[in-house]
Amino acid sequence: MTYEPTVFADMAGRTVAVTGAARGIGEAHVLALVRNGVNVVAGDLDEEAMADTAKRLGEECRGGATIVPMGIDVTRAEDHHALAQHALERFGTLDGWINNAGRYALGDVLETSGAEFTRMHEVHVLGASFGVQAAVPAMGKSGGAIVNVASIAAYVVRARSGAYSASKAAVEHLTKFQAVELGPRGVRVNAVAPGMIDTDMLSSLNGGNGMPQSAVESVPLRRIGTPGEVSDTVLFLLSDASRFVTGHTLVVDGGGRHR
Ligand code: NAI
């Protein structure tokens, strides 16, 4: 990865948990955090890839930051609690949490199975819910900031994406309830809604061949985004620069949703 993350001075010395952190946008979050001097507890279903990523990004750490990798399944509440516990045991504090893990599958509405709808819902909606339920008690009285990764699929209709899009719309809406209920405890909850971002998930849509030119030209900025462009936005939402922002979903799509 060759991008230079934006630096938010107040982030140094904090601890943040990231799910789905082994690759793609999650990996970019970890890089941005450790470049900002933030300790990271990083969880992913793919434990081996998570360990490799943590090792590789170890060289990018600034200001004494450390990455602790873990194998987790975000559909299991106990795995979120283990991630939070790890943060407290290792770093003595938990200040932020990014519910990033996700999966994608295409399917017509008439053919999508109940199992597929359930899995989408479990990974995205239960994942974001269990993450918040583990993070908030661990943050304690000092509060913190949480970011859920939704998608512009929450707003726009693209063929054969019903199960994925409905689950991301639920995450976007859930974020507002989490913000309203947790605001009095000093916890801010926001979301980002990425558009087309250059990761394995996106390339899997087109058989690994990159995005067709017509899709790229549908974006007003005339390109797809990079994982780091999502991470910079997430760091803004975790940092004190956004201290009066909660219950908001920040769209990071080069304007693509308006086409
Ligand atoms: P990716 O497929 O490259 O990486 C997703 C990571 O999540 C993988 O490492 C995977 O092992 C992990 N994961 C999947 N299920 C998990 C589970 N049950 N427990 C723990 N980890 C799990 O995907 P990408 O593109 O980096 O996506 C990250 C997030 O951004 C997802 O929530 C996705 O829906 C969202 N997003 C991505 C967009 C894109 O164009 N790439 C657009 C909009 C949203």
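The tour of this predicted model goes from a nonpolar core to a helix beside it and then to a pair of packed helices.

Begin by selecting Val16, Val18, Val30, Leu33, Ile98, Val192 and Leu238, which touch the most other members of the largest nonpolar core, a set of 34 residues. Two or more residues of this core come from each of strand E1 (15-19), helix H1 (24-35), strand E2 (39-44), helix H2 (47-57), strand E5 (144-149) and helix H8 (227-238), and H1 gives the largest share, with 6 residues.

Next, centre on Val192, whose contacts, leaving aside neighbours within four places in sequence, include Val147 and Val149, Val230 and Val234, and Leu250 and Val252. Another core, of 25 residues, lies apart from the largest one, and Val68, Met70, Ala179 and Val189 are among its members.

Now select H8, whose 12 residues reach 17 Å from the first C-alpha to the last, close to the expected 16 Å. Because 10 of its 12 residues are buried, H8 is largely enclosed by the rest of the structure; the cover over these buried residues includes E1, H1, strand E4 (96-99), E5, strand E6 (187-194) and strand E7 (249-252).

Finally, show helix H3 (residues 77-91) with helix H4 (residues 114-139), whose axes come within 9 Å and cross at roughly 35°, in a right-handed crossing. Ala77, His80, His81, Ala84 and Leu88 of H3 meet Gly127, Phe130, Gly131, Gln133, Ala134 and Ala138 of H4, and the residues of this contact divide into 6 nonpolar, 5 polar and no charged.

Technical notes: Residues numbered from 1 in each chain as written. Predicted model: local features only at pLDDT ≥ 70, side-chain atom pairs only at ≥ 80, totals over all residues. Heavy atoms only, no water. Core = buried A, V, L, I, M, F, W, Y, C linked by side-chain atoms within 4.5 Å. Buried < 20%, exposed > 50% of the residue type's maximum accessible area, 1.4 Å probe, protein only. Helix = DSSP H or I, 4+ residues; strand = E, 2+ residues; numbered from the N terminus. Contact = heavy atoms within 4.5 Å. Axes fitted to C-alpha atoms, helices over the stretch in contact; angles between N-to-C directions. Left-handed = near helix turned anticlockwise from the far one by under 90°. Nonpolar A, V, L, I, M, F, W, Y, C, P; charged D, E, K, R; others polar. Expected span 1.5 Å × (residues − 1).
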